[in-house]
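Subject: Structure handover and notes

Dear colleague,

I am passing on the structure we spoke about, and my notes on it follow below. Please read them alongside the coordinates.

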Amino acid sequence: PLFEILRLASDAANGHADETPQGVLRRHRHLVAPNLLFLMASFIRDHEVNSVEMFRCGAVNVIESIFQSGKKMDLEQGVAAMGLSTAVAKFTVSALIDLWQASRPIFALETTVFSRLVFNLPLGIGGASRLRGVSHFAILLPVLSEIAMMNPDKVRDCVDTADLLEIITEYSARTDENDSGLSQQRLFGRGHSLAPRTLTAAERLFVVDTVFGIILIMLSRRCTVNHLHPLVVFITFNLDKQWESTSSTIETAVAETRSRNSTHRSTLKAVSILFFLLQKSQVHNLIESLADIFDNANGVASWILCCLVNSFNDEVRGLGIKCLASYLRHVKTATTASKIVDSSKQAMMTAADSNAGSNPTAMSKVKYGIGVMSH
């Protein structure tokens, strides 16, 4: 019965009913779901039997499924129910945190609540870049950032970087036609309005930066192959698209204009994260994970040369050279580093030859990169 009330409350929140069966007035329908979450938290708080039964019967999965159904209704109507007002967003986030804290004595239940409800970014903001109602971004993202800073290992164990990068791709793909002129200091400033609006360009940038920050926190302590591989694929795919679009024209002005879009900024930030990780001396399993992704150390150096150093964009190329230098410093022995340099120079010169025809400055940049390697 409790889950049926939650489902009906979700229908009411999306305008499919005037009020819930429990007599809640229409103006309060958006608060029914968080109130029921608080109620469930009270059932399991300091009660081991109820907590075990909640995990055994799959209650968290049922709640997630109900929220997914509500999310589909939001997408159909073009309005995010949780983002209509700051009060609703704060109440909903507080209810999720309360349920998470109440479930902590039972590890399996706590992990499920955390991964399926609290830190489920695809459920919270995935697909919402075009929806009206933005208040929940201002409430949810800072809370998740704080949780990631306090529990980086738990977030890494429960969250997949591939899901986070899909969100970045979605919010980076949007153009700036909706930029209403809000400054960085007034992000989500009209979130209290009853007339919902979509995200501005500055607010989408805030979402992308926040998610990138969470990824950096996840990877800065320990880099596994499963978490690092999506970042490498993201960088490679976007730079390959940039290469194709830029090489299709000879006019530098057009190429530079195309490189200043949101996707390019996101790619540059992803490369910056890789460089930051390579600069750090205490990132566990970073070098081993890179070697596993590219089969061996030679493959890592060749990828950095051909994908990053061979880029048309000077910023990406500069970061690529720095990434290569940092990677070589991580190599254990000078002999191994020398072998990597010798085996990679030919790949670097081949890539430079293909780039030099459409970008005359590439050859000089690549020669500088070779100098860095030799040094």
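The chain contains 19 helices and zero strands, where helices (H or I, at least four residues) and strands (E, at least two) are DSSP runs, numbered from the N terminus. Please keep in mind that this is a predicted model, in which local features need pLDDT of at least 70 and side-chain atom pairs count only at pLDDT 80 or more, whereas totals for chains, interfaces and linings use all residues. Residues are numbered from 1 along each chain as its sequence is written, and side-chain values use heavy atoms, with hydrogens and water left out.

**The chain as a whole**

Of the 375 residues of the chain, 49% count as buried; buried means under 20% relative accessible area, exposed over 50%, and partly exposed in between (1.4 Å probe, protein chains only). The chain exposes about 17700 Å², of which carbon and sulfur atoms supply 55%, the areas coming from the Shrake-Rupley method with a 1.4 Å probe, and for residues only the protein chains shown count as cover. Among the contacts in the chain with a separation of 6 or more, 74% are between residues 24 or more positions apart, a contact being heavy atoms within 4.5 Å.

The buried residues of helix 5 are T86, V88, A89, T92, V93, A95, L96, L99, W100 and A102. Their cover includes helix 2 (32–44), helix 3 (48–56), helix 6 (107–118), helix 8 (135–150) and helix 9 (152–158).

Leaving aside neighbours within four places in sequence, S51 is in contact with I44, I106 and L109.

**Aromatic pairs**

The structure holds seven aromatic pairs, taken as rings of Phe, Tyr and Trp (its six-membered ring) whose centres lie within 6.5 Å, with planes under 30 degrees apart counted as stacked, over 60 as edge-to-face and the rest as tilted. In one of these pairs, the rings of W100 and F114 have their centres 5.0 Å apart and their planes at 45 degrees, so the pair is tilted. Since W100 lies in helix 5 and F114 in helix 6, the pair ties together parts that are 14 residues apart in sequence. W100 is buried at 4% relative accessibility, and F114 is likewise buried, at 0%. Together with F119, W100 and F114 form one aromatic cluster.

Charged side chains also sit over both rings of that pair: R104 lies over the face of W100, at 5.1 Å from the ring centre, and K154 lies over the face of F114, at 5.4 Å from the ring centre. A charge sits over a ring here if NZ of Lys or CZ of Arg is within 6 Å of the ring centre and within 35 degrees of the ring normal.

**Salt bridges**

A search of the whole structure finds eight salt bridges, each defined as a side-chain nitrogen of Lys or Arg within 4 Å of a carboxyl oxygen of Asp or Glu.

- R45 pairs with D98, their closest N and O atoms being 2.5 Å apart. R45 lies in the loop between helix 2 and helix 3 and D98 in helix 5, so the pair ties together parts that are 53 residues apart in sequence. R45 is partly exposed, at 35% relative accessible area, as is D98, at 22%.
- R56 and E53 meet at 2.7 Å, N to O, and, being three residues apart in helix 3, they are separated by about one helical turn. R56 is exposed, at 61%, while E53 is partly exposed, at 35%.
- E64 and R116 have their closest N and O atoms 3.0 Å apart, and this pair links distant parts of the chain, with E64 in helix 4 (residues 59–77) and R116 in helix 6, 52 residues apart. E64 is buried, at 14%, whereas R116 is partly exposed, at 33%.

Best regards
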